[in-house]
Amino acid sequence: MPNPKRRHSKARSAKRRTHYKAVSPSVSTCSNCGEIKLQHRACPNCGAYKGRTMFVPKSA
Ligand SMILES: [Zn+2]
């Protein structure tokens, strides 16, 4: 099996990883209760998704 002859320096690895960026999650508001929720996920506040109730949230 071919192997690398020398290890990369920390700077070389760091330069490659400059392209790795954290992305902020896309959020939207719930059409049922108006709370902020993640897109394509059921609302954590009321459990609604696509006009239907997916689960009944635990009352605080
Ligand atoms: Zn909701």
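A salt bridge is a side-chain nitrogen of Lys or Arg within 4 Å of a carboxyl oxygen of Asp or Glu. I keep that beside me as I open this predicted model, where local features need pLDDT of at least 70, side-chain atom pairs count only at pLDDT 80 or more, and totals for chains, interfaces and linings use all residues. Residues are numbered from 1 along each chain as its sequence is written, and side-chain values use heavy atoms, with hydrogens and water left out.

**Entry 1: lysine 37**

I looked up lysine 37 and found it in strand E2; strands (E, at least two residues) are DSSP runs numbered from the N terminus. Lysine 37 is buried yet has no salt bridge, and the nearest side chain of opposite charge, glutamate 35, is 12 Å away. Buried here means under 20% relative accessible area, exposed over 50%, and partly exposed in between (1.4 Å probe, protein chains only). For charge, Lys and Arg count as positive and Asp and Glu as negative, while His and the chain ends are not counted.

What does the side chain of lysine 37 reach? I found the backbone oxygen of arginine 41, at 3.1 Å. Leaving aside residues up to four places away in sequence, lysine 37 touches Val27, Ser28, Thr29, Cys30, Cys43 and Pro44, where contact means heavy atoms within 4.5 Å.

**Entry 2: the zinc ion**

Next I checked the zinc ion, whose protein donors are Cys30, Cys33, Cys43 and Cys46, each through SG, at 2.2 to 2.4 Å. Donors are N, O and S atoms within 2.8 Å of the metal (3.2 Å for Na, K and Ca). Along the chain, I read the donor spacing as C-x2-C-x9-C-x2-C. Cysteine 33, in the loop between strands E1 (27-29) and E2 (36-38), and cysteine 46, in the loop between E2 and E3 (48-49), are 13 residues apart, and the pair links distant parts of the chain.

Are these two cysteines buried or exposed? Cysteine 33 counts as partly exposed because its relative accessibility is 32%, whereas cysteine 46, at 16%, counts as buried.

**Entry 3: positive phi**

Most residues other than glycine have a negative phi. I noted histidine 40, in the loop between E2 and E3, with a positive phi near 60 degrees. Lysine 50, in the loop between E3 and E4, has a positive phi of about 55 degrees. Histidine 40 is exposed at 62% relative accessibility, and lysine 50 is exposed at 72%.

Note on methods: Helix = DSSP H or I, 4+ residues; strand = E, 2+ residues; numbered from the N terminus. Polar contact = N/O pair within 3.5 Å; in protein donor to acceptor, adjacent residues only side chain to side chain.
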